[in-house]
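Subject: Handing over the structure

Hi,

Here is the structure I promised to pass on to you. Have a look at it first, and then read on for my notes.

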Amino acid sequence: MKRISKTIIVQASLLICVGGITFGSSGANHAVEPEILASETNITLVREASLTLVCNIKHRGESTVVWKHNGNVLFVGSIRIRKDDNMSWKKSLMVVGQNNHVTVEAHELTVDHVDVQYAGNYTCEVDWKQDLDPLKKFYTVRVLVPPMVKAVMSTIQAEEGESIVMECITQGEPEPRIYWIYENGPLPSSAMINGSSLSLRGVTRQNAGTYVCMGDNLTGMTAKDTIHLQVQFPPIVSVPNPVVVKGETRSAQLACRVLGVPTPEVTWYRQNTLLDRDTSTNSTHSVLIISEVGLRDLGNYTCFAVNSMGRAENNVQLSGRPGGVRIISLPEQLSSTRYNLSWTVNSFAPVTNTYIAKKMADIYKAEWKIFKFQHPTPNYFVNRDFQYNFPLSNLEPNTRYEVKVKCVNEYGESEYSQKHIFKTPIHDYILDFGSDSWKMRGEKWWLRSGAASYLQMMNQLFSFLILVLV
């Protein structure tokens with residue numbers, strides 16, 4: 001072989017001369033033609049993984065082994081051509097065959113941390129005879145890159161009725177599959193998805209919230225980013241209790257619920273006068289606190305809200321009418337034809353009348369019978385809970401009844417109390433004072449043991465007037 005005086009590369013698969021030392025095929029005859037054994041040729045791996053390509057050669061002899069990537073020479077034998085410290089080469093020997101032992105050389109090309117630039121076609125070439133093409137083994141390497149998703153805008157503001165487009169940028173190998181999620185539920189009916197963009201037509205306040213752009217690919221990994229949609233609209237003011245009844249405590253709380261974007265500023269008025277009172281306000285509710293309620297505080301109050309989109313208001317009435325009517329009688333008593341009904345009520349002013357509604361509970365579509373109980377005028381009055389009693393008479397034995405009560409004072413009437421169910425016994429009962437038990441008698445219980453005087457006292461105490469309203 002002719003010596004070359006300076007460093008050149010001529011057909012690297014056949015001949016390499018470095019510093020005047022020659023490597024390559026001598027063209028000598030081989031007793032046996034080299035053979036490249038089968039090995040894995042299609043390799044898929046994720047970025048940053050380690051790649052090793054193995055070229056198993058039998059009967060290599062003096063042949064030269066060349067590694068190429070996309071046609072570019074990497075190694076010729078142990079000589080590094082590509083200046084890449086992330087690549088390495090090594091050779092190992094193994095013996096195969098049971099009788100005629102044959103030595104096989106494993107030429108390994110290793111990439112420590114693969115990235116997309118290492119994907120493509122690799123070739124292991126064995127240059128064994130000068131006048132013949134080299135033997136070749138081809139490898140295909142695919143490098144998968146986990147998905148990356150980034151929102152173009154993390155927050156989007158829009159007014160009601162506008163149309164908007166949300167977009168995200170994606171990267172990955174293969175290209176990520178994109179899908180959208182609305183954290184508050186299903187995507188709005190007006191949503192249209194076009195690849196990595198989501199458009200909404202005519203947005204409403206119900207469309208506000210967080211949208212998630214998600215991507216995945218063959219790496220098995222996912223990526224996501226969020227976009228917060230703010231839908232701006234003028235204030236909406238509602239009141240959970242349009243009428244607030246003065247309770248048994250000295251203070252009263254008037255509340256309103258305020259919605260709007262941007263967050264509205266809330267103030268309270270009474271008769272067009274801005275109130276300077278304690279309030280408790282958060283992003284959705286405002287509570288006006290009246291610490292010492294007097295007659296001068298009764299009336300209408302206005303909850304007023306304003307933001308850059310508009311303004312709104314609603315009214316709350318602080319009323320002195322009765323409230324908290326509650327029946328406290330036991331569901332079973334002693335008489336088969338009478339029932340002592342007891343109830344409590346809180347009132348800002350003296351209770352003037354009570355309406356008692358009664359009907360049989362087990363008769364379909366039974367009609368209510370209304371009794372009006374007129375209260376006497378008290379000598380003095382204190383704002384607190386009061387307890388009243390009224391005997392219901394002419395009842396049927398062994399019968400279930402429903403009753404409800406509402407009270408009236410000078411400021412109005414209360415709501416009816418919750419329905420109360422009681423049942424009359426089959427027979428009357430009396431208390432035998434010689435024992436600890438009730439005994440059934442055929443006589444009336446209020447005619448024994450001083451009960452008659454109790455009824456007389458009741459009549460004198462209440463001086464009631466009964467009107468039956470059908």
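What is the mean pLDDT of the protein, and what percentage of its residues reach 70 or more? This is a predicted model, with a mean pLDDT of 83 and 81% of its residues at 70 or more. Two stretches deserve a mention here. Residues 1-29 have a pLDDT below 50, and beyond near neighbours in sequence this stretch makes 42 contacts in the model. Over residues 435-470 the pLDDT is also below 50, with 64 contacts in the model beyond near neighbours in sequence.

Now to the disulfides. There are three of them in the structure, and if you number the bonded cysteines in sequence order, the pairing reads 1-2, 3-4, 5-6. As a reminder, a disulfide is a covalent bond between the sulfur atoms of two cysteines.

Cys168 and Cys213 form another disulfide, with 2.0 Å between their sulfur atoms. Here too distant parts of the chain are linked, with Cys168 in strand β15 (residues 164-173) and Cys213 in strand β19 (residues 209-216), 45 residues apart. Cys168 has a relative accessibility of 4%, so it counts as buried. Cys213 is buried as well, because its relative accessible area is 1%.

Cys256 is joined to Cys303, with an S to S distance of 2.0 Å. Their S-S torsion is about 40 degrees, so this disulfide is right-handed. Again the link spans distant parts of the chain: Cys256 belongs to strand β22 (residues 252-261) and Cys303 to strand β27 (residues 299-307), 47 residues apart. Cys256 counts as buried because its relative accessibility is 0%, and Cys303 is buried with a relative accessible area of 0%.

One more cysteine for your list is Cys407: its relative accessibility is 0%, so it counts as buried.

Next, the nonpolar cores. Which residues have the most contacts inside the largest nonpolar core? They are Leu51, Leu53, Trp67 and Tyr122, in a core of 23 residues. The elements that give two or more residues to this core are β5 (42-46), β6, β7 (64-69), β8 (72-76), β11 (102-111), β12 and β13 (135-151). Strand β6 gives the most, with four residues. A second, separate core has 20 residues, including Tyr339, Trp343, Phe371 and Phe386.

Finally, a sheet to look at. Five strands make up an open sheet in the order β21-β28-β27-β23-β24, and the pairing is mixed. Which strands are at its edges? They are β21 (243-245) and β24 (273-274), each of which pairs on one side only. Strand β23 (residues 265-270) pairs with β24 in the antiparallel sense, over two bridges. Across that pair, Tyr269 stands opposite Leu274 in β24. Strand β27 in this sheet is also the strand that holds Cys303.

Best wishes

Technical notes: Residues are numbered from 1 along each chain as its sequence is written. This is a predicted model: local features need pLDDT of at least 70, side-chain atom pairs count only at pLDDT 80 or more; totals for chains, interfaces and linings use all residues. Side-chain values use heavy atoms; hydrogens and water are left out. A disulfide is a pair of cysteine sulfur atoms within 2.5 Å. Buried means under 20% relative accessible area, exposed over 50%, partly exposed in between (1.4 Å probe, protein chains only). A nonpolar core is a set of buried Ala, Val, Leu, Ile, Met, Phe, Trp, Tyr and Cys residues joined through side-chain atoms within 4.5 Å. pLDDT is the predictor's confidence in each residue, from 0 to 100. Contact means heavy atoms within 4.5 Å. Two strands pair if DSSP finds at least two bridges between them.
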